Amino acid sequence: MDRTSQRLLKEDREHGDIMFPLAAYWIELPAGAHVLDTHWHEEAEFFLLLEGEITFQVDTDYFPLRPGEAVFIESGDIHAAYVLGESPCRFCALVFHPDLLASAQYDTIQQTVILPLQEKRQSFPRHITSSVPWQAELLQHLERMMEAYDHKMPGFESFMKGTLLIMLSQIALPGRSVNHSQSEGADTTKIDRLKKVILYIQDNYQEPIRTRDLSELIPMSEGQFCRFFKSMTRKTPVDYINSYRIRQAAALLQQSDRKISDIAMDVGFDNVSYFIKVFRKAMKCAPSEFRKGDGQQASGQSQLYP
């Protein structure tokens, strides 16, 4: 079973490989743990909640998600998830590049279902629930695909791709698909501004980053920017930067035996004590415990998920 710990990245890892750009992930988080930071990627994704209750964000839309319900995230969509209550959270994610479904040549399938999906003109509903009979069928397909990916029996790749095409055929019926090709101008502006800031953080997290630096990217006044950023991510700029740095540090702790102080400096912390304090708050364990694996189960962050 392929599992990874949360990490806020854009196109920093491959899901599957060039021959089969699809991967599935299973995540289990303890009560009260953070779910997903604001991020996006070039792949499309189905997010299926198995246990717990969360608020899900896609671009500027927020909605509650309950067990047995799913979210479809299109290529480039900003998305995040926030826990509700104190119950544990379990979910799985199926991430794939839309090119996986493309025909070898331009044919009817490419014209009627693949291209409209790639252009976001004919897409899945963002929020998929079992209360709508045909959406309940989509959820059943998702469950079967996750099981097939888990077992990886010979030929499972054909099953995965074939099932995705069947799901596309189901939303081709009148009144089922959603057109996300055109967003409100104000929403598009907000999303583009946020992406610009997040990209800057990702490219410069190893160096000092001032709130003023980020506000000048948009541009906005520093106070206006802080209000805008928190309204979009539910975090202050400092908290967001720290969260990103901690996830980079967690990956380095798992991948090497370098000194914790060196890793702290590499991810942008100039004070080791402060790094340990922030790490413990985010991961529910000290960096040394995380490296040993002692705190990974408690933190719910032992597996990397984008």
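**Exercise 1.** State which strands helix H2 lies across and at what angle H2 runs to E2.

*Solution.* Helix H2 covers residues 133–151. In this predicted model, local features need pLDDT of at least 70 and side-chain atom pairs count only at pLDDT 80 or more, while totals for chains, interfaces and linings use all residues. Residues are numbered from 1 along each chain as its sequence is written, and side-chain values use heavy atoms, with hydrogens and water left out. Helices (H or I, at least four residues) and strands (E, at least two) are DSSP runs, numbered from the N terminus. H2 lies across E2, E4 (44–51), E7 (70–73), E9 and E10. The angle to E2 is about 95°, on a scale from 0 to 180 degrees between N-to-C directions of axes fitted to C-alpha atoms, for helices over the stretch in contact (heavy atoms within 4.5 Å).

**Exercise 2.** Give the order of the strands in the open sheet and find the strands at its edges.

*Solution.* The order is E2-E9-E4-E7-E10, with antiparallel pairing; two strands pair if DSSP finds at least two bridges between them. E2 (22–29) and E10 (127–128) each have a single partner strand, so one side of each lacks a neighbour in the sheet. Eight bridges join E2 to E9 (residues 89–96). Across this pair, alanine 24 stands opposite leucine 94.

**Exercise 3.** Is histidine 41 buried or exposed, and which side chain does its own side chain join in a polar contact?

*Solution.* Histidine 41 sits in the loop between E3 (36–39) and E4. Its relative accessible area is 2%, so histidine 41 is buried (under 20%; exposed is over 50%, partly exposed in between, with a 1.4 Å probe and protein chains only). Its side chain joins that of glutamate 45 in a polar contact of 2.9 Å (a pair of N or O atoms within 3.5 Å; within protein, one must be able to donate a hydrogen and the other to accept it, and residues adjacent in sequence count only if both atoms are side-chain atoms).
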